[in-house]
Amino acid sequence: MAARAIDAAALRTVHVSAVPEAQKALYFDENRAEMRPNLVFVEPTGAIIFETNEAGLKGGPLDPNHKLVVVWGDSVVFGAGWGWPCLIDRLAPGWQFLNGGIEGDHYANILRRAAEFNRRHPVSLNLLMLGWHPFVPLPPERRRARRSAARSAERRRLRPGNEDIRSDLTRFLETVPSTAVLTVPTALNPQIIDRDLSSFIVEGDDRSAFRFMGKVRYQMAGQRQGFEHIVERNAMAREVCDTAGIRLIDLFATFDTENLADFREHFIDMIHFRPSAYPLVAQRVYDGIQDLLA
Amino acid sequence: MGISCYYHDSAVALVDDSKILFAIHEERLSRQKHDARFPVLGIGSALHACGVRINDIDRIVFYEDPKLKLGRLWDQVIDDWPRSRRIFDDDLPRFVRHKLPIAGQLRAQMGFHHPVEFSEHHRSHAASAFFTSPFERAVVVTLDGVGEYETATVHLGEDNRLRKVRSIHFPHSLGLFYSVFTQYLGFEVNEGEYKVMGLAPYGRPVYLETLIGPILKLQEDGAFSLNQRFFDFSSHERHYAPGLVAHLGIAPRSPDEPVTERHCDLAASVQQALETAIAGVLPPLMREYGTSDFCFAGGVALNCTANARMIRDLGIRSHIQPAAGDAGGALGAALQSVMRSREEEPTRRYPLDAYLGVEYPKPVVKATLSLNNIPFRECGDIAEELADALVAGKVVAILHGRDEWGPRALGARSILADPRAPEMKDHLNAKIKFREEFRPFAPVVKKEAYGEWFETLGMPESPFMLYTHKALRPNQTAAVTHVDGTSRVQTVSAEQNPYLYRILDAFERRTGVPVLINTSFNLRGEPIVSSPSDALKTFFASGIDVLALEDVLIEKEASADGSARD
């Protein structure tokens with residue numbers, strides 16, 4: 001049987017799974033700072049790992065018979081394989097949950113992408129996680145002091161990368177009010193941030209491994225910095241949502257590891273959920289928005 | 001692992017103690033022609049293909065020395081100020097942002113914790129050629145635009161050692177000489193040099209004396225220099241000075257202007273000047289080192305016409321690896337690093353295979369087709385079916401095994417067609433390649449029939465399409481015989497590429513001709529395809545009739561006039 005005439009541009013691009021560093025280069029359109037549409041990542045066996053749809057979101061094609069929810073964020077939302085957002089579908093009949101996460105995405109670009117997408121598509125609900133980026137380790141004291149002199153007292157109190165979160169998020173929520181905000185979870189907690197955790201870093205598969213932060217080598221100093229960075233960011237998200245009357249789903253609190261026997265239980269590194277935890281994450285997010293879907 | 005990037009043609013190569021494990025141009029994977037960016041896709045594919053993680057790599061070697069190169073750029077800024085303003089404003093910041101911190105990028109982006117080394121540009125070129133050659137001792141000549149400072153070097157290769165014995169520095173460069181005239185003739189630098197080479201046989205070298213002497217000075221000892229009055233390498237717009245236009249008496253051609261006889265004559269003259277210059281380099285070296293075994297590398301070594309002339313005129317034995325340009329520096333960087341630590345050991349060489357890139361398993365092929373709802377057929381003997389299609393005048397594209405290493409399609413990602421009728425060239429150009437009429441198509445021939453169909457140049461094989469050979473039966477290979485009676489031949493054996501060999505064999509049984517047109521599987525301006533997805537897109541965007549992805553056949557529905565629908 002011969003193939004009919006086909007528009008080459010409409011063909012879906014199939015990529016074989018690559019190492020994580022290369023994967024983003026395949027799905028991320030640098031010029032538009034968005035995910036490329038119509039991609040399929042497959043295993044060498046041909047099994048599908050994940051797809052991007054015609055709108056450049058991780059998940060299946062846009063379904064006009066379902067109300068659309070998009071989860072926006074960085075690698076915590078992007079996840080492994082299809083990620084956890086798509087798992088909420090089965091908890092919420094009649095709704096389609098798509099994954100708008102991009103690894104390493106700056107929060108400002110997350111906001112830009114979400115706002116732009118809402119202009120083009122009818123989104124019933126946006127779930128927004130600001131993510132970790134930019135995470136700027138604090139410079140040495142001398143440089144910090146010099147920089148501080150040039151900054152306002154208000155901004156000086158904030159960690160680099162968080163200075164404009166409050167105003168940027170407020171502005172976004174005014175533009176896209178159909179949004180609920182998710183705080184950013186972490187495996188770190190106050191009990192462990194100053195401990196040497198290097199012995200907890202282990203190689204292995206998704207169930208057994210534990211890394212530091214993605215491909216970053218273990219460094220104790222990074223723990224406190226990362227924790228303070230995300231605590232500050234989450235606090236601002238809570239404050240903005242409280243002021244604006246926006247629903248907040250506090251994943252940071254839900255997945256607080258302080259009272260767990262093993263802080264690694266739900267996390268594959270200090271910032272990313274373990275794939276085995278995805279169903280639980282999906283359930284907790286659903287619990288937080290169930291009434292909004294009614 | 002060797003890498004080259006941030007100039008043009010990024011690439012990655014991975015070697016161990018005895019083999020080249022993987023090598024690929026980044027453009028094949030990124031789909032961006034001449035992609036110069038950090039080769040993250042190449043690195044990822046290398047790791048995936050070899051089943052290793054980044055920190056299983058002992059060391060990563062960058063193909064040149066960024067600090068040395070920065071020195072040259074500064075010199076150029078100072079020497080040519082204020083004409084060099086653009087280098088200062090654009091090139092230097094880009095260099096400092098990207099190339100200088102390459103080691104840091106490898107650590108930050110790839111999480112690489114082991115040593116990062118730096119080779120030198122021309123040493124990388126030389127190593128890529130010599131350590132893949134059949135020679136225990138040879139003179140290694142590298143010629144390109146410019147590396148750090150050097151534009152040409154001569155190394156003496158002995159056993160596991162390479163020793164530099166001559167070099168010529170910027171701005172005196174045969175590569176830049178050729179590129180300037182590529183630009184002068186209206187073609188894109190680093191892309192259109194093949195076009196000048198293809199155009200040259202249509203002209204007469206009537207400008208040769210205008211070039212050699214006044215512009216390109218050649219010395220008795222083989223050294224050369226460029227009269228800087230005619231060049232402006234610090235300009236971004238054009239690398240020739242107004243004085244060149246006055247001297248030649250021919251206006252520069254704009255890209256959309258028709259090619260005239262004068263342009264052909266200029267191309268012929270430039271080509272001959274290049275060949276004369278190279279031919280001047282070699283004899284003193286042959287005398288001094290008592291050998292006629294030569295390795296060549298650098299972009300100039302992709303000039304097939306010059307390569308063949310050196311063999312014909314000087315009787316040398318020649319070795320060139322298929323990615324002789326800057327991409328090949330990735331391979332050379334890795335090889336020179338390994339061999340430097342093996343200098344006292346018994347002589348070793350790295351066997352050279354054209355197929356070093358990514359291979360797509362059959363389940364991926366089938367998934368690609370299924371996900372796009374493309375009807376296909378698995379064939380028990382696809383070579384026979386493809387031969388039938390070729391004899392019927394159809395154009396066939398094949399994707400088989402690992403990507404080729406280098407800029408040429410060598411039967412892993414190729415478009416094949418019947419070479420017998422001269423009209424096939426126009427047909428290919430009109431329906432698929434959309435390229436200039438004067439550019440010839442190349443043939444692939446069964447290795448054992450090579451000597452009956454083409455001049456062998458004394459070589460038992462020519463597997464990388466790097467030399468032009470006289471066609472011995474031009475009437476039967478009309479579509480691949482250039483106007484000067486030569487062909488840019490690739491030989492293939494059953495061992496090298498059994499898939500392609502079987503197609504040739506089946507075609508020969510039907511026609512008596514063991515030759516096919518072999519042109520790169522891409523559209524004009526695009527890189528050669530790598531994946532089944534790339535292949536499908538090119539197939540449906542062009543007039544290719546039949547696509548073979550390994551042993552899976554896809555045919556286009558015929559239109560009312562009998563031709564395949566585009």
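**Helix packing, chain contact and domains**

H1(A) passes H2(B) in a left-handed crossing. A crossing is left-handed if the near helix is turned anticlockwise from the far one by less than a right angle, and right-handed if clockwise. The model is predicted: local features need pLDDT of at least 70, side-chain atom pairs count only at pLDDT 80 or more, and totals for chains, interfaces and linings use all residues. Residues are numbered from 1 along each chain as its sequence is written, while chains are lettered from A and ligands numbered from 1 in the order in which they are written.

Helix H1 of chain A spans residues 20-27. Its axis and that of H2(B) lie 8 Å apart, at an angle of about 135 degrees. Axes are lines fitted to C-alpha atoms, for helices over the stretch in contact, and angles run from 0 to 180 degrees between N-to-C directions. H1(A) and H2(B) are therefore oblique to each other. Angles under 35 degrees count as roughly parallel, over 145 as roughly antiparallel, 65 to 115 as roughly perpendicular and the rest as oblique. From H1(A), Glu21(A), Ala22(A), Ala25(A) and Leu26(A) meet Val40(B), Leu41(B), Ile43(B), Gly44(B) and Ser45(B) of H2(B). Contact requires C-beta atoms, placed from the backbone, within 7 Å. Helices (H or I, at least four residues) and strands (E, at least two) are DSSP runs, numbered from the N terminus. This helix contact has 6 nonpolar, 2 polar and 1 charged residues. Ala, Val, Leu, Ile, Met, Phe, Trp, Tyr, Cys and Pro count as nonpolar, Asp, Glu, Lys and Arg as charged, and the others, Gly among them, as polar.

The contact between the chains takes 34 residues from chain B and 25 residues from chain A. On the chain B side, elements giving two or more residues include helix H5 (102-110), helix H14 (362-371) and strand E22 (552-555). H2(B) supplies the largest share, 7 residues. By class, that side has 19 nonpolar, 9 polar and 6 charged residues.

Chain B is assigned domain 1 (2-131 + 329-340), domain 2 (174-320) and domain 3 (362-555). The bounds come from an automatic or database domain assignment. In chain B, the C-alpha centres of domain 2 and domain 3 lie 30 Å apart. Between these domains of chain B, 14 residues of domain 2 are in contact with 15 residues of domain 3. H12(B) gives the most to the domain 2 side, with 6 residues.

Note on methods:
Contact = placed C-beta atoms within 7 Å.
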